[in-house]
Amino acid sequence: MPFRIGSQAYQWIAYASRFDMQVNWKLVCYEAAQAGYAGIELTGYLVDQLPDPDEAMKYCESVGIRVVALSGGLSSEED
């Protein structure tokens with residue numbers, strides 16, 4: 001039985017922060033699709049960047065990936 005692999009996007013954010021950069025949700029989805037991932041979980045500021053669901057889904061379909069989960073959390077400042 002074949003299976004498909006997804007990725008969690010936190011590492012893109014951590015990598016970008018390390019080099020004083022910022023990535024956007026489209027770039028992360030595109031690069032994950034190009035790397036062969038079938039799905040992605042977006043997190044952090046990437047979730048805040050998402051447009052309406054139809055627009056996001058249309059873009060993801062065009063690059064060949066699905067957003068399968070969104071994650072968020074509280075920082076110690078928001079407790």
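Guide: The lining of the largest pocket is made up of 9 nonpolar residues, 2 charged ones and no polar ones. Here Ala, Val, Leu, Ile, Met, Phe, Trp, Tyr, Cys and Pro count as nonpolar, Asp, Glu, Lys and Arg as charged, and the others, Gly among them, as polar. The model is predicted: local features need pLDDT of at least 70 and side-chain atom pairs pLDDT 80 or more, while totals for chains, interfaces and linings use all residues. Residues are numbered from 1 along each chain as its sequence is written, and side-chain values use heavy atoms, without hydrogens or water.

The pocket holds about 230 Å³ of space. A pocket is an open set of points on a 1 Å grid over the protein atoms alone, where a 1.4 Å probe fits, with protein on both sides within 12 Å along at least five of seven lines; lining residues have an atom within 4 Å of a point. Its volume is the space filled by probe spheres set on the points, which are joined across faces, edges and corners.

The lining residues are Leu50, Pro51, Pro53, Ala56, Met57, Cys60, Glu61, Ile65, Arg66, Val67 and Leu70. Helix α4 gives the largest share, 5 residues, and both α4 and β3 supply at least two. Helices (H or I, at least four residues) and strands (E, at least two) are DSSP runs, numbered from the N terminus.

Ala56, Cys60 and Val63 are its buried residues, where buried means under 20% relative accessible area, exposed over 50% and partly exposed in between (1.4 Å probe, protein chains only). These three lie on the same side of α4 because they span an arc of only 65 degrees around the axis; the arc is that of the directions from the helix axis to the C-beta atoms. An α-helix has 3.6 residues a turn, so residues three or four places apart point the same way. Asp54, Lys58, Glu61 and Ser62, on the other side of α4, are exposed.

The cover over the buried residues of α4 includes α2 (25-34) and β3 (66-71). At the N-terminal end, α4 is capped by Asp52, with a side-chain oxygen 3.1 Å from the backbone nitrogen of Asp54. After α4 comes Gly64, with a positive phi near 90 degrees.

Helix α2 can be described in similar terms. Its buried residues include Trp25, Val28, Cys29, Ala32 and Ala33. They are on the same side of α2, since their arc around the axis is only 125 degrees. They pack against α1, β2 (39-43), α3 (45-49), α4 and β3, with contact meaning heavy atoms within 4.5 Å. Asn24 caps the N-terminal end of α2, placing a side-chain oxygen 3.0 Å from the backbone nitrogen of Lys26. Just after α2, Gly36 has a positive phi of about 100 degrees.

As for the setting, the protein chain has 4 helices and 3 strands, which run β-α-α-β-α-α-β from the N terminus on. Of the 79 residues in the chain, 27% are buried. Among contacts between residues at least 6 apart in sequence, 74% join residues at least 24 apart.

Conventions
A polar contact is a pair of N or O atoms within 3.5 Å; within protein, one must be able to donate a hydrogen and the other to accept it, and residues adjacent in sequence count only if both atoms are side-chain atoms.
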